[in-house]
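The paragraphs below lead through one protein chain, from its overall make-up to a few single residues. Please keep the sequence and the 3D view at hand while reading.

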Amino acid sequence: MFCQHCGKNLDDGAVICVHCGAIVDEAELVSEEAQQKESQTNAYASLGLIFGCIPFLFFLGLIYSIRGLLFAKRTKIGMKKAVVGLVLSSFFTVVILTTVVLFFSPIYL
Ligand SMILES: [Zn+2]
């Protein structure tokens, strides 16, 4: 990292600049990082949620929700969205597959 006052290179975790003696404002660096994280979104989870709401696109919803869940596991972003998308698309998968199986099952023949 660099001193905000004199711009010289500092050791990570330095509290006071060894070149100019200025106090290094760690809080500012941390909040910037947090802002960057907040502005990042889990696109996979969003897509999974959208597709999960559309019964005939449940398969896409399932795929994107799983990808979103993996992304959320790594980045801790959009975990809730990914879980909701996965639940919704799983629900539609079960409903549609059950309907298809019942429709083609020999009982109705
Ligand atoms: Zn300095």
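Two residues are in contact here if their C-beta atoms, placed from the backbone, lie within 7 Å. With that in mind, take Gly68, a residue of helix H3. Leaving aside residues up to four places away in sequence, Gly68 touches Asn42, Tyr44, Ala45, Gly48, Gly78, Lys81, Ala82 and Gly85. The paragraphs that follow place these contacts in the whole chain.

The model is a predicted one. The protein has 4 helices and 0 strands, and its elements run α-α-α-α from the N terminus on. Of the 109 residues in the protein, 23% are buried. Among contacts between residues at least 6 apart in sequence, 44% join residues at least 24 apart.

Start with the pair H2 and H3. Helix H2 covers residues 43-52 and helix H3 covers residues 58-75; their axes come within 7 Å and cross at roughly 155 degrees. Because of this angle, H2 is roughly antiparallel to H3, the cut-off for that term being an angle over 145 degrees. The crossing in which H2 passes H3 is left-handed. On the H2 side the contact is made by Tyr44, Ala45, Leu47, Gly48, Phe51 and Gly52. On the H3 side it is made by Phe58, Leu60, Gly61, Tyr64, Ser65, Arg67, Gly68, Phe71 and Ala72. The residues of this contact of H2 with H3 divide into 9 nonpolar, 5 polar and 1 charged.

How much of H2 is buried? H2 is mostly covered, with 7 of its 10 residues buried. These buried residues are Tyr44, Ala45, Leu47, Gly48, Leu49, Phe51 and Gly52. They pack against H3 and H4.

Helix H4 covers residues 79-104, and the axes of H3 and H4 come within 8 Å and cross at roughly 150 degrees. The angle therefore makes H3 roughly antiparallel to H4. This crossing of H3 and H4 is left-handed. From H3, the residues that meet H4 are Phe58, Gly61, Leu62, Tyr64, Ser65, Ile66, Gly68, Leu69 and Ala72. Their partners in H4 are Met79, Lys81, Ala82, Gly85, Leu86, Leu88, Ser89, Ser90, Phe92, Thr93 and Ile96. The contact of H3 with H4 divides into 12 nonpolar, 7 polar and 1 charged residues.

Gly68 can now be seen in its setting. Gly68 is among the H3 residues in the contact with H2, and it is also among the H3 residues that meet H4. Why does Gly68 count as buried? Gly68 counts as buried because it has 28 C-beta neighbours inside 10 Å, and the cut-off for a buried residue is 20 or more. One of the residues that Gly68 touches is Gly48. Gly68 and Gly48 are 20 residues apart in sequence, and 7.2 Å separates them in space, C-alpha to C-alpha.

The last stop is Lys76, in the loop between H3 and H4. Is Lys76 buried or exposed? Lys76 counts as exposed because it has 10 C-beta neighbours inside 10 Å, where the cut-off for an exposed residue is 12 or fewer. Lys76 also has a positive phi of about 65 degrees, although Lys76 is not a glycine.

Key:
Residues numbered from 1 in each chain as written. Predicted model: local features only at pLDDT ≥ 70, side-chain atom pairs only at ≥ 80, totals over all residues. Axes fitted to C-alpha atoms, helices over the stretch in contact; angles between N-to-C directions. Helix = DSSP H or I, 4+ residues; strand = E, 2+ residues; numbered from the N terminus. Parallel < 35°, antiparallel > 145°, perpendicular 65-115°, else oblique. Left-handed = near helix turned anticlockwise from the far one by under 90°. Nonpolar A, V, L, I, M, F, W, Y, C, P; charged D, E, K, R; others polar.
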